[in-house]
Structures are given as C-alpha cells and as structure tokens.
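Here are a few friendly notes to read alongside the model.

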Amino acid sequence: MSEFNWRSPESYKKLETADAADFAWECLRRNPDYRRDYSDLLEQDKDGPSDPEFRKRWGLSFRS
C-alpha cells in the first residue's frame, strides 16, 4: 500500500473526482485493523483476499 502525505495537496488530487467506492477504499486502506487482517491473510494465501469471511467482514462483497 502506498504511503500518504496528508500535508501535500497533490495527495488529495485524485479524491477531487472520486466516487463513493473510491472514497470508501481510501478510508478502508488506512484502517490499521484492515491492514493487519490483510497482511495476515497474505501470509496464509499469497493470492490475496479470496477468503469469503474476510470480504464479508470488510464489506468487500456485493450482492449482484
């Protein structure tokens, strides 16, 4: 995950045109609990968050 410099106006440029999903992702990726869970999941499965419980816990599953 990239680092974010909250003091830099350039860091906020992409949020000027962000939709709700983009903004939600920015909040989620900064959540220390999510980052820890994601890191733990990667240790178990290098393919990433394919665990249904992980996706459900973090709101990454959507009804179609």
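1. Accessible areas here come from the Shrake-Rupley method with a 1.4 Å probe. On that basis, this predicted model exposes about 5,400 Å² of accessible surface, and carbon and sulfur atoms account for 50% of that area.

2. On the overall fold: the chain has three helices and zero strands, giving the pattern α-α-α along the sequence. Of its 64 residues, 16% count as buried. Among contacts between residues at least 6 apart in sequence, 36% join residues at least 24 apart.

3. Do have a look at the aromatic residues. There are five aromatic pairs. One of them is Tyr34 with Tyr38, which is stacked, at 6.0 Å centre to centre and 25 degrees between the planes. Both residues sit in helix 2 (residues 32-44), four residues apart, or about one turn of the helix. Tyr34 is buried, with a relative accessible area of 3%, whereas Tyr38 is partly exposed at 22%.

4. Tyr34 also pairs with Phe54: the ring centres are 5.7 Å apart and the planes stand at 40 degrees, so this pair is tilted. The pair links distant parts of the chain, as Tyr34 belongs to helix 2 and Phe54 to helix 3 (residues 52-57), 20 residues apart. Both Tyr34 and Phe54 are buried.

5. Taken together, Trp25, Tyr34, Tyr38, Phe54 and Trp58 make up one aromatic cluster.

6. Lastly, is Arg29 buried or exposed? Its relative accessibility is 6%, so Arg29 counts as buried, the cut-off being under 20%. Arg29 lies in helix 1 (residues 20-29), and its side chain makes a polar contact of 3.1 Å with that of Glu26.

Conventions
Residues are numbered from 1 along each chain as its sequence is written. This is a predicted model: local features need pLDDT of at least 70, side-chain atom pairs count only at pLDDT 80 or more; totals for chains, interfaces and linings use all residues. Side-chain values use heavy atoms; hydrogens and water are left out. Helices (H or I, at least four residues) and strands (E, at least two) are DSSP runs, numbered from the N terminus. Buried means under 20% relative accessible area, exposed over 50%, partly exposed in between (1.4 Å probe, protein chains only). A polar contact is a pair of N or O atoms within 3.5 Å; within protein, one must be able to donate a hydrogen and the other to accept it, and residues adjacent in sequence count only if both atoms are side-chain atoms. Contact means heavy atoms within 4.5 Å. Rings of Phe, Tyr and Trp (its six-membered ring) pair if their centres lie within 6.5 Å; planes under 30 degrees apart count as stacked, over 60 as edge-to-face and the rest as tilted.
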